[in-house]
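Welcome to this short briefing. Take a moment to look at the chain, and then we will walk through some of its parts together.

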Amino acid sequence: MAYNILAINPGHNGSAALISDGEIKYYLEEERLSRMKYDGNPFRGMLDIIQKWHIDELIIAGTGQEDHKLPWTGEDAYTALVRKFYPNVKVSRLGQEHHLGHAACAFYNSGYEEAIAIIVDGAGSKHKIKPTDDDNKEIEGAPELEGFEVESIFVCKYPHEFNPVFKSYGFNSGGRHHYKNMLFDDAVSITKSYEAVSQYLGFGFIEAGKTMGLAPYGKEDKNIPNLFFNGRGSKDVFIPTYPAGAFIDQSRNQQFAQKDDPKLWHNDPSKLPEIAKNLAYAIQRDTQGHLLALIKQAIEITGIKNVVIAGGYGLNCVANYYFRKELEADVNLYCEPIAHDGGTAIGAAKMFWYFGTKSTDKFPQNTLYHGPEYTAEEVSARLDEHKEKERITVESVDYSKIAQMIADRNIVSIFQGKSEAGPRALGNRSIVYDPRDHDGKEHVNIVKGREWFRPFAGSALAEDAHDWFDLAGMEESPYMMYAVNVAADKIKKIPAVCHVDDTCRVQTVTEEQNKHYYNLIKAFKDITGVPVLFNTSFNLAGDPLVETIDDALVTLYRSKLKYLYLPELGVLVTKTIADPEPPKEELIVETNVDDIVTSED
C-alpha cells in the first residue's frame, strides 16, 4: 500500500499537496476553491484530499506562526481536522525552517543529483541570536535579536541532505551582526526593496509582477539615488517593516513625493510619471544584478554548477532569463515554477518522504497539471443546467474551428483537465487570442480589467520555438519561467505577445505535455503560418484562476468574454446572456507578507 503524505502551507498562497510514494498526485492552492486571492488556511484543499486518499502523515509547513491551539484537545486546527478522519495520523512540522521547504521543493523537482539552492523571498521563519561585537563574540547582557529569513544558500544532496552554507536574516533595527555562516542585519533585503517599490507604485507588497511588467518602460534616471549599498537596500531610501512589506522613505527623497494616487495612471499611460517607470526599471535592474552576484558567490563557495532557485523572487521571469544569459555555459539552472510559498507544501512532503524511506529515486517535475480531476459527466451535467436556463449554447467543434475563430480575432477561454499548479496558466485554464493583432494587448487587458502596461505570454509549438524565440541554450520552456527575446524577424509577426522591450514570456508545448492545447496551436499554425498563441490566465483582474466549470461559466457571465472551449468534450460554449454584476475591483491583500509573488497574470 502506498505511503501518502498530506502537506500544507497555511500562510498566504495557502496550499495542500498529496505525495504518494514520492510522487505528486495532487496540488492545489486554496484561492482556487475559496475564490479569495492569496487565501491561506487550506481547509478546503485538505478536505478534498482527505476524502480521496488515505493519509499516513500530515506535514505542516509555513513560517512557524501556525501553531495556534484549539480548546479541549490543545491541537492546532490542521492536525485536528486530519485526526478526525485518520486517528493514527503522524504529524510533523517544518514551519521553523521556511526556506528549507523552498529548497526541498526546487531540489527534488529539478532532478539534479546534487545542487545549490538559492532561496530569496520577503521574510521566512523567525530566528533568534545573541548580538556580537566586532570580534564575533556574544555581547554579555545584550537582548536577543529576532530576524526573518530573507536569503539562503543550501547544498542539497540525495536523499535528504540540505546543508545551509549561508543564511541572511532581516530585522527592522539593531545593526549588522555575523554569527557563524549567518548574517543578521537591519538593512533591506533584495526582495524587501522590490516590495517597497511595488507598494510605492500602488500595487501592494505582494503584486510585484506588475512592477516587473512596468520596468521595461523605464530608463536610467539621475534623480533616483543609489538603491543599494554593499549589496543591501539603502536605508536612505527604504524602510523595512519585517515581517510584512517595506516602504520608500519619501521624507528623505522628495523626488518620490506622490502628487496623485498611482491608480490614476494604472489605466491611463498619459498620467504615468517618469519617476515611477524609471524606479521600476531601476529596482528590476539592481535586484537581478545582486541576485546574480549571490548565485556566482554560491557557485564559487561550493564548486557546484547545478543551481536551483526558489522563494517568491524566483518567479521573476525577467531576472531568470538574465541569469541564463549571464551565467557560464556549464552552469545548469532550474527555476522552480511553484517558487512562491505554496510550493513549500511540496518541498516539505518530499523531504519527509525521503527522510523516512532513504530512497534515492528521483521524481523530477514533468508536469504542472496537479489539480483535481473533473469527469466529462460532471462537466456535461453542469453545462446542461446552464443550457436549461438559456444562458449558453453548446455546439460540437474541432481544433480547426476554434483556430479559425481565434484567427478571426475572437477571444476564446479554455477549460480542460487538471488545473495548473502555481501562478501561470498553461493551456488548461487559459484565455487565448491572436498574437498577430497589433492592438491585442490593449484589447485583452481591457476585457480582463488589467493595467495597460502588463504583457501577455506566448504558447509556442516546441518544435518551432527556436525559430521564433532566443531560448538562451534551453531546449524548452514548458512552465513560462523566462521572459525571452523574440527573434528579430518575428517581432512584427506576433506583436500582441511582444513586450515593449521585444521580449515574451514563452511556454513551449509538446503533444505529450498537453495534447489538446498542442493540436489547437498546430491548427492555428496551419491557418496562419504562426505556431504561437497569445495566452493569459482564465480570470478577471483581482480573481484567482478559475478552477471548476462553474467558475469558468461565472467568469464568462461577468465579463466581456463570449466563448468557452472545452477540448476534452469537443464543444464550444457561447454565452447568450450576461450577468449584470460588473467585474470586481482588484483585491489588494495587505497582510503579514512573508514572500513576494511575481506573477504577471
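Which residue just after helix 15 takes a positive phi? The residue is glycine 529, with a phi of about 85 degrees. Keep in mind as you read that this is a predicted model.

- Helix 15 covers residues 515-528, which makes 14 residues.
- From its first C-alpha to its last, helix 15 reaches 20 Å, close to the 20 Å expected at 1.5 Å a residue.
- Several residues of helix 15 are buried, among them His516, Tyr517, Tyr518 and Phe524.
- Helix 12 (residues 399-407) has buried residues too: Ile402, Ala403, Met405, Ile406 and Ala407.
- These buried residues of helix 12 pack against helix 15 and against five strands: strand 19 (412-415), strand 20, strand 25, strand 26 (563-566) and strand 27 (571-575).
- Arginine 409, which follows helix 12, has a positive phi near 75 degrees.

- An open sheet is built from 10 strands in the order 18-27-26-19-20-25-21-24-23-22, with mixed pairing.
- Its edge strands are strand 18 (392-396) and strand 22 (469-470), each of which pairs on one side only.
- Strand 23 (residues 483-486) runs antiparallel to strand 24, and three bridges pair them. Here asparagine 485 stands opposite threonine 503 of strand 24.
- Helix 9 (residues 317-326) lies across strand 22, strand 23 and strand 24, at about 70 degrees to strand 23.
- Helix 13 (residues 440-448) also packs on the sheet, where it touches strand 20 (429-433) and strand 25. The directions of helix 13 and strand 25 make about 25 degrees.

**A closer look at strand 21**

- Is strand 21 (residues 457-461) largely enclosed or left open? Five of its five residues are buried, so strand 21 is largely enclosed by the rest of the structure.
- In a regular strand, side chains alternate between the two faces of the sheet.
- Ala457, Ser459 and Leu461 point one way from strand 21, while Gly458 and Ala460 point the other way.
- Strand 21 runs parallel to strand 24 (residues 503-509), and five bridges join them. One of the partners is arginine 505 in strand 24, which is bridged to alanine 457.
- With strand 25 (residues 532-537), strand 21 pairs in the antiparallel sense over four bridges. In this pairing, serine 459 stands opposite leucine 533.

- Another open sheet has five strands in the order 3-2-1-4-5, and its pairing is mixed.
- Strand 3 (23-29) and strand 5 (90-93) each have a single partner strand, so one side of each is left without a neighbour in the sheet.
- On average, neighbouring strands of this sheet are turned by 15 degrees against each other, direction ignored.
- Strand 2 (residues 15-20) and strand 3 run antiparallel and are joined by six bridges. Isoleucine 19 stands opposite isoleucine 24 in strand 3.
- Helix 3 (residues 77-85) lies across strand 1 (4-9), strand 4 (57-60) and strand 5, and runs at about 165 degrees to strand 4.
- Helix 10 (residues 344-357) packs on the sheet as well, touching strand 1, strand 2, strand 3, strand 4 and strand 5. Its direction makes about 145 degrees with that of strand 1.

**Two packed helices**

- Helix 5 (residues 190-200) packs with helix 8 (residues 274-302) at an angle of about 170 degrees, and their axes are 10 Å apart. That angle makes helix 5 roughly antiparallel to helix 8.
- On the helix 5 side, the contact is made by Ile190, Ser193, Tyr194, Val197 and Tyr200. Helix 8 contributes residues including Ile275, Leu279, Ile283, His290 and Leu291.
- Sorted by class, this contact of helix 5 with helix 8 holds nine nonpolar, four polar and no charged residues.

**Glutamate 326**

- Glutamate 326 has its place in helix 9.
- How exposed is glutamate 326? Glutamate 326 is partly exposed, because its relative accessible area is 40%.
- Leaving aside neighbours within four places in sequence, glutamate 326 is in contact with Leu292 and Lys296.
- Glutamate 326 and alanine 472 are 146 residues apart in sequence, with 9.9 Å between their C-alpha atoms in space.

Definitions and conventions
Residues numbered from 1 in each chain as written. Predicted model: local features only at pLDDT ≥ 70, side-chain atom pairs only at ≥ 80, totals over all residues. Heavy atoms only, no water. Axes fitted to C-alpha atoms, helices over the stretch in contact; angles between N-to-C directions. Parallel < 35°, antiparallel > 145°, perpendicular 65-115°, else oblique. Contact = heavy atoms within 4.5 Å. Nonpolar A, V, L, I, M, F, W, Y, C, P; charged D, E, K, R; others polar. Buried < 20%, exposed > 50% of the residue type's maximum accessible area, 1.4 Å probe, protein only. Pairing = 2+ DSSP bridges. Expected span 1.5 Å × (residues − 1).
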